[in-house]
Amino acid sequence: MNHLIERYLQAISRELPANQQEDILKELRSSLYDTLEGEGDGEPTEERVVALIKEMGSPRQVAAAYYPAGQYVIGPALYPMFITVLKIVLVTILSVQALLVGLSFGVAVTTRSLIQELFGLLGALPAAAGWVVLIFWAIQRFEPKAIPEEEIFDPRKLPALESYNEPVSRFEQIFSIVVNVIALAFLWNFAQSGVLTGIEGLAFFQNPVIVQFFPWLFASSVLDIVIDIVLLWRGRWETRTRVAGILFNLFSLVVLFVMFEGHSAWLRAEGISESLVIWTQDPEFFFTNAQATGMILFRMGFAIAILIIGVETAVYTYKLIRRRMNAPISPVTGLVSAHR
Amino acid sequence: MIENSAQPEAYDKIALELRRGVLILAALSQLKENKYGYALISQLAENGLDIDQGTLYPLLRRLESQGLLDSNWIVEDSRPRRYYVLNATGKQVLDALVQEWRTLTNVMETLLKETEQPR
């Protein structure tokens, strides 16, 4: 096999911008033959040609040097904006889809539809990300003027100092959104039928307390989702989000306490023990009185939720106070006094 | 001089960047007269500055698209060659760059002298 130089040029041509291909190849060809000629008379040896080509670099490497703006889908100038837009799009889609899945789960409950919906939800994310990439690629390719130039920089407009703001745990927020969406689905189901239904839509037991306080529980879950989305968006805890978190938790605690008490009152009215000890005394109780068992379990669930949210509220409050008590900061430079 | 294994790699990268910065000025300085790529490479090599073809040709095109060089094809010995030459703007830019270079080399000389002082 030979014709090395022509094969090399052919390989380069496949990587070159089409409008300059012919011109660039003509120049490279004449230069390669000039180099060989400059080294001596007569037919060059194969070793010499191989060495020359190696010295010049792989076809891809040679062609890449002819793309002045570099070969990337989204360049450094657009990249920060791309990441911001991508985050907004993905979080929005995830939230809206999760809400829709939750609602559809509440209306038509089958395990298969839930799994299908969850897969659909995951499938939507890569597609959305793909569209964002495509749009940014098009902006870069066809509208180079849209790429932000160096803006007139004003130090006074720099974002507020966030070094003392704790980063938000994405996992925690997303987990919380998922839990709330599932809770919303159950609540929606209750609101529709007044009955807790299991898989396949079979009536399980009635819970008059949840039906009674449904709007409050629903509001609590929706508010929590809103706060989680805001936190995901901001990325860091700020004073206002901490305060909002504490106020929301206090609201939730009141709702949960009312629910807890509602269940206790119901059980007392029915003359049933509030604890699960009843099972050890009467193992048949679960089968004979499913509703009472459900009410006892729900009451326990609310007690656990009160405990968790209570601890969370205490932690939020502690962190807010600790932040307030930080060493004084120089108003002009932002330097902490102790470090001065 | 270069002792551990991480340093030669770092040295290579820095030396490459240093040379790359100088190449534009070197090429412009030799294009007051019409010259084609291979002749320019040979001339620079004779003066001790090696530049490979894969670097020079894209560089020449970039300088042309920046409006500093003019080019035209001339067929010699049945071989077409693209000749490059500084235009009026290119000459002005070269003069300014030479000034800049001289200032820089003076500053660097002063700075580097300090490192030569015995400790």
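Trainee: How many salt bridges does the structure hold over all chains?

Mentor: Over all chains there are eleven salt bridges. This is a predicted model, in which local features need pLDDT of at least 70 and side-chain atom pairs count only at pLDDT 80 or more, while totals for chains, interfaces and linings use all residues. Residues are numbered from 1 along each chain as its sequence is written, chains are lettered from A and ligands numbered from 1 in the order in which they are written, and side-chain values use heavy atoms, with hydrogens and water left out.

Trainee: Why is the pairing of Asp34(A) and Arg81(B) called a salt bridge?

Mentor: The term requires a side-chain nitrogen of Lys or Arg within 4 Å of a carboxyl oxygen of Asp or Glu. The side chains of Asp34(A) and Arg81(B) meet at 2.5 Å, N to O, so the pair qualifies. The pair crosses between chains, from helix α2 of chain A to strand β3 (residues 79-86) of chain B; helices (H or I, at least four residues) and strands (E, at least two) are DSSP runs, numbered from the N terminus.

Trainee: Which elements of chain A supply the side that touches chain B?

Mentor: Helices α2 (21-38) and α3 (46-56) each supply at least two residues. The most comes from α2(A), with 13 residues. By class, this side has nine nonpolar, five polar and five charged residues; Ala, Val, Leu, Ile, Met, Phe, Trp, Tyr, Cys and Pro count as nonpolar, Asp, Glu, Lys and Arg as charged, and the others, Gly among them, as polar.

Trainee: How many residues does the contact take from each chain?

Mentor: Chain A gives 19 residues and chain B gives 14 residues, contact meaning heavy atoms within 4.5 Å. Asp23(A), Glu27(A) and Asp34(A) supply 33% of the area that chain A buries against chain B, more than any other three residues. Buried area is the accessible area (1.4 Å probe) that two parts lose on being put together, summed over both. Chain A and chain B bury about 1600 Å² between them, 51% of it on carbon and sulfur atoms.
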